[in-house]
Amino acid sequence: MSLRTQACSERPCSRQCRSVGARACTCDQFKLTTLYNLNINKEMDPFFLAVSRFNRQRYDDCITICTQMLEKNPYDQAAWLLKCRALTKKSWIDDLEIDEEGVADILMDENAINNAPRPGTSFSRPLTSAQPGGISQVMRPMSNAGRPITGYQRPGTNRPVTSSTSRANLSTALQGQRPGTTRPVTSGGRMLRLGTASMQQQGGQFIMADKLNAKNVAKKKHIAKAVVDYLIYVESNFRRALDIASEATLLQGYNDWWWKARIGKCQFKMGLIKDAEKQFLSSLKNQDMVSLHLELAKVAVRQDQPQKAIEVFNTGLKTHAFETHLITGIARVHDMLNDPAKAITFYKKILVFDNSNIESIAQLASYHFYTDQPEVALRFYRRLVQCGVNSPELWNNMGLCCFYASQYDMALGCFDRALTMADDIAAADVWYNVGHVGIGIGDLGLAYQAFKIAVSHNPNHAESFNNLGVLELRRGNIEQAKNNYIQSSKIANYLFEPCFNAALLMLKKGEFQESYSMANQAVQIYPDHADSKELLKNLNQHFSVM
Amino acid sequence: MPKAKSPWIHAWSDNVAGIDTFSQLMTLADIKDDGDYKLVVADQKGKLKIYMGTNVISNEKLGFEKPTALEVFYESTKKPQLPIIAIASGSSLFYYQNFQPISKFELPYIQFSPEEKEVWNQITKVTEEQEFVSLCDRLFAIRESGIAISTISSELLSLENALEQMEYARQNYTMLIQHQNFITCMTRINKSLDEEKAVSMLVIGTEQRNIFIMDQSGMSVKKQITLKSVPTFIQCIGQFDVEYRIYAACRDGKVYVTRQGEVTDQIFSIDSKPVGLLLFEKQIVVASMNNTLHSFFLKGKKNFTMNLPAGVVDIQKLEVKRTQQSTNGQCLIVALNNGELRLYNSKDKNLIHILKNEDLISGMSYGTFGREEGSLIINNKSGGISVKMLQRQANLSSTHKPGPPAEQDIPLNVPKKTKLFVELTQRERENAQWMHKQFQKDLIKLRLKTAKQYIQMLSDGLAPMSYAQGSQIRLSASCEGIGPSFKIKLQLQNLSKTPIMGVHVNLSFNDQIYKLKGKSPFMPMLVPNLNYKIDIDIENIDPSGASDVVKVLVFNKESTVPLITANISMPLSELNMEQM
């Protein structure tokens with residue numbers, strides 16, 4: 001057995017683009033009629049001005065004007081409504097995209113799920129490299145949650161979704177690599193915090209949610225809608241919103257899809273998934289809306305039913321054939337099942353309808369990079385630059401592509417640019433990749449320094465530790481090499497390389513017992529790793545001889 | 001692995017038959033001459049059982065223990081042709097016919113070699129110890145010269161004390177002169193006709209390296225052959241009156257061949273002890289103890305050696321005679337000690353089928369059972385017995401082609417080089433010089449940048465490893481908790497050879513956001529290579545739970561530059577419930 005530089009495969013760090021607000025507001029049901037004031041005054045009518053500000057999305061200005069109006073006349077319903085809308089709009093987020101399961105939601109998940117689902121039918125048991133279409137861990141590195149690295153980072157992409165297995169890596173879930181990417185304790189909790197934070201900014205509560213009489217509010221149709229949206233998006237007071245919405249839907253004779261969708265949303269946030277699903281389905285009968293299909297798919301994903309989620313998207317596509325969000329949804333589900341080859345076909349389809357879809361381009365690029373076609377990946381990254389994306393991750397990835405496509409004149413320039421732009425965490429990844437370039441051109445001194453810098457930027461950069469270990473071993477520093485491997489495997493229990501390297505080193509040192517346990521660990525992480533298996537076989541032979 | 005349909009049909013099984021036997025003690029024979037073949041089994045516990053179909057029709061108690069071999073032969077062609085069952089035990093042969101014991105034959109005693117006899121004659125007369133010892137030495141010399149000595153002599157030599165030896169000699173001297181011969185294996189050979197029920201004779205292998213060929217009545221020895229080693233398996237081919245050869249697999253890992261009763265020079269050697277021997281039309285197959293199967297052509301050339309995944313328990317020959325030429329065949333049934341029953345084509349050594357037996361196999365017998373020609377009787381370790389039948393339509397030709405495995409021909413999934421790649425190489429070819437220059441320039445710049453950063457990192461003493469002030473310290477810092485209280489966990493390790501004294505750990509943070517609970521820790525001494533774990537509690541006091549970076553500084557009195565520093569980017573904090 002030869003000692004090989006089992007460097008973790010280079011990983012372009014994932015792009016971090018959030019498409020908040022990428023979708024046009026699907027719930028803009030209010031038509032605020034502009035009240036023309038016929039009085040020819042020198043001053044413009046403040047309400048007209050406020051509406052104008054609102055339409056130009058200058059919500060803060062709008063809110064101040066409305067507040068002044070309300071001070072003069074607290075019963076001015078129009079001003080009140082406008083202020084309510086402006087507040088909602090200001091803190092409106094596309095919760096279809098960024099919903100994320102909290103730690104507590106996982107821990108306290110009461111839905112019993114099959115412990116041994118067939119591979120490919122559950123997020124907790126995605127395809128492995130053994131299955132056709134699965135990803136080899138050697139070819140595609142893993143993110144810190146043990147999922148293959150994707151080209152586009154969204155909340156939840158790199159984490160295991162619902163399931164009992166994810167309980168094991170609870171500590172990794174709590175430990176986000178980038179600031180702000182830690183998994184929230186509860187999804188509601190984060191919302192609540194955002195809600196209180198925004199309330200503190202505006203100085204006092206706008207609506208006293210607890211004092212509202214649900215029945216009375218529900219009777220005032222448009223105001224009720226505005227109030228419910230406010231409660232959901234600003235205050236994150238789902239319980240109250242649900243009260244009003246249920247009264248309202250009753251008054252509407254259960255015929256208004258909007259109210260049902262809102263009830264479903266509230267119930268989903270409160271964890272009543274089955275009830276939410278019923279509401280969405282019933283709402284869908286009233287009116288076929290894209291957002292409802294997305295919500296339903298979210299329900300299926302939360303219940304760990306990827307196949308059902310795909311089915312939901314497909315029924316949606318029957319009526320909304322060109323809706324890229326639905327196609328994106330299918331692609332993401334395939335991605336989470338570790339089946340990138342399938343996901344890629346959908347990302348390509350998205351580009352037919354929307355040729356500057358950042359997520360699709362990024363995913364295609366990373367797919368091509370990891371399937372050994374860096375020149376194609378380079379094309380996609382260049383397209384991203386054209387689309388106006390400018391981030392250290394992107395330049396880093398371009399640098400890697402150039403290097404591997406042997407366009408050496410541009411490679412290092414890209415890294416240089418990435419380094420100047422990078423913050424601490426991204427810098428670690430970029431330096432790590434510079435280290436790989438060093439290994440690639442045989443300049444091990446450069447590589448060593450780069451890996452050292454990488455770990456100084458991010459002390460949890462396990463891949464760098466592993467590679468440092470390999471380099472230390474080449475220099476003959478056995479003890480330090482071992483320390484590095486162990487450090488690496490401690491930080492990242494999803495990497496098989498440090499385990500294997502450590503096992504190999506221990507074997508050479510004659511510490512068979514330790515070697516055995518490390519090799520076992522490697523095989524556990526990556527069951528198809530031939531070298532580890534070979535090593536284990538050797539060890540077994542050794543033990544049986546003795 | 002071939003996925004072909006199983007060629008076996010499960011006929012019946014009796015898991016509680018309680019039979020403890022092995023292949024040499026099982027045979028299938030037409031006991032009553034009615035065309036209905038019975039299973040004859042001699043049990044290790046001393047029972048002779050005869051099965052007709054699923055019933056035991058005879059359960060005779062043997063008058064002796066530990067049978068070693070069982071064989072069936074025909075004494076005459078007189079109708080009805082009732083075969084004689086011969087069971088070997090120790091040095092005796094017991095004959096049964098028509099379910100009843102008929103006679104017994106004792107193998108002739110072995111005569112001492114004249115040299116040994118002479119020594120013993122003198123030993124009895126000797127009284128002096130000196131003389132006795134010299135006689136014992138002579139006995140030893142006789143053994144060393146390759147002459148077989150009796151068990152009594154070897155026992156005598158194994159005693160250490162001369163007095164004990166004399167005592168032993170005095171006691172045992174009466175039963176001298178001759179000693180017993182033990183049977184190791186047994187088979188039969190036809191006398192003059194190549195027919196199944198023709199008159200046949202027993203062929204017996206013994207511990208004394210002999211092969212005896214008995215006459216057809218089984219009451220006298222017709223021929224005696226001496227081999228170089230103890231035979232454990234023997235197989236015969238031909239007829240005694242015409243021409244015959246005997247193949248004997250011996251304990252020394254060799255197969256000796258005798259032709260017409262004469263030992264020939266031909267030897268097939270295997271590198272381990274044999275556990276089974278089969279004779280085919282043109283080859284012999286020997287299973288050996290080191291998990292291998294060897295095959296030799298009768299002419300002497302080696303055919304193949306095959307490694308098996310587990311130890312071989314037994315091998316059996318499977319012969320199919322059918323009208324269709326293509327399905328005719330000779331196969332090899334191999335029972336492994338992992339419970340597998342493998343079927344190999346004996347011609348091209350290809351695996352046809354693997355049957356997973358639920359229990360370990362201890363013995364088996366293939367032949368006609370009842371009226372079914374292709375029956376396989378299996379005796380399990382647990383005492384059960386089961387019968388499998390070969391499908392009439394079973395495809396016994398090998399399912400996959402010989403040669404390298406099929407996987408070898410499947411090309412690897414290497415992505416094709418794209419047109420883009422070709423274009424890029426074109427560009428590379430045209431601007432090679434310029435590109436190289438540019439690359440070298442960039443590389444030097446990058447090296448400089450890296451080196452600068454590296455130096456800065458060293459001088460700042462940034463975590464996780466620091467060499468500031470010539471010390472080697474490792475610091476790993478992490479943060480646990482969801483807020484507003486967090487625990488910062490530090491691990492300090494001094495990797496140098498000398499201890500570091502008076503180490504302070506200090507946190508630097510935005511006091512609008514965080515508040516330290518308690519004091520900054522102080523370490524009086526860092527002993528080399530020990531891992532110091534330090535926990536620091538810190539509280540988030542920001543009303544909206546904002547997050548910030550917390551700096552950990554480790555320093556001592558000797559320098560203004562810290563020994564090592566680490567930056568912890570704290571997570572967003574959950575809000576304090578009491579404040580809400």
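**View 1. The buried tyrosine B:Y96 in this predicted model.** With a relative accessibility of 5%, B:Y96 counts as buried, a word that stands for under 20% relative accessible area, whereas exposed means over 50% and partly exposed lies in between (1.4 Å probe, protein chains only). B:Y96 belongs to strand β8 (residues 92-97) of chain B, where helices (H or I, at least four residues) and strands (E, at least two) are DSSP runs numbered from the N terminus. Leaving aside residues up to four places away in sequence, B:Y96 touches several residues, among them B:L48, B:E60, B:F64 and B:I102, and contact here means heavy atoms within 4.5 Å. Although B:Y96 and B:L48 are 48 residues apart in sequence, their C-alpha atoms are 9.9 Å apart in space.

View 2. B:V527 is 33 residues from B:N494 along the chain, and the two C-alpha atoms are separated by 6.6 Å.

**View 3. Helices α25 and α26 of chain A where they cross.** The axes of α25(A) (residues 478-491) and α26(A) (residues 497-509) come within 9 Å and cross at roughly 145°; these axes are lines fitted to C-alpha atoms over the stretch in contact, and angles run from 0 to 180 degrees between N-to-C directions. Residues including A:Y485 and A:I486 in α25(A) meet residues of α26(A), among them A:L505 and A:M506.

**Notes on the views.** Residues are numbered from 1 along each chain as its sequence is written, and chains are lettered from A and ligands numbered from 1 in the order in which they are written. Because this is a predicted model, local features need pLDDT of at least 70 and side-chain atom pairs count only at pLDDT 80 or more, while totals for chains, interfaces and linings use all residues, and side-chain values use heavy atoms, with hydrogens and water left out.
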